[in-house]
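Trainee: Could we go through this one together? I would like to know what stands behind the terms.

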Amino acid sequence: TIEILTEKTEVTTPRSPHVLPRGRYTVIRVRDHGAGMPPDMLSRCFEPFFTTKNVDTRSGLGMEGNGLGLAVAYILTKRNGGRLIAESIIEKGSTFSLFLPLIH
């Protein structure tokens, strides 16, 4: 199951470790209830070309797809003053929260 949730929020104190600046945001969360990711995979999920799909054991590179989806989303969000935050718990699932600044 995949859930897509939206909300508005205000950050009054910077959130660490993601360094989310003070301000008002629209938040889009995409959550699944799948296998989750171990910490080492979670820490790399925004790296360009990182993939877990059909990986060649010799080179460590993915054999299908291009592995740029999350990296591009991360960069575009950050360049527009927002943040993309990934959280995951093994056997519970993962949540990607996209914080976009509200413009008046």
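Trainee: Leaving aside its neighbours within four places in sequence, which residues is threonine 77 in contact with?

Mentor: They are Gly82, Arg83, Leu84, Leu98, Phe99 and Leu100, where contact means heavy atoms within 4.5 Å. Keep in mind that this is a predicted model, where local features need pLDDT of at least 70 and side-chain atom pairs count only at pLDDT 80 or more, while totals for chains, interfaces and linings use all residues. Residues are numbered from 1 along each chain as its sequence is written, and side-chain values use heavy atoms, with hydrogens and water left out.

Trainee: Why is threonine 77 called buried?

Mentor: Its relative accessible area is 7%. Buried means under 20%, exposed over 50% and partly exposed in between (1.4 Å probe, protein chains only), so threonine 77 counts as buried.

Trainee: What makes the pair of phenylalanine 46 and tyrosine 74 stacked?

Mentor: Rings of Phe, Tyr and Trp (its six-membered ring) pair if their centres lie within 6.5 Å; planes under 30 degrees apart count as stacked, over 60 as edge-to-face and the rest as tilted. Here the centres are 4.9 Å apart and the planes are at 25°, so the pair is stacked.

Trainee: How do you know whether phenylalanine 46 is buried or exposed?

Mentor: Phenylalanine 46 has a relative accessible area of 19%, so it is buried. Tyrosine 74, at 28%, is therefore partly exposed.

Trainee: Which residues do ring pairs link into a cluster?

Mentor: Phe46, Tyr74 and Phe96.
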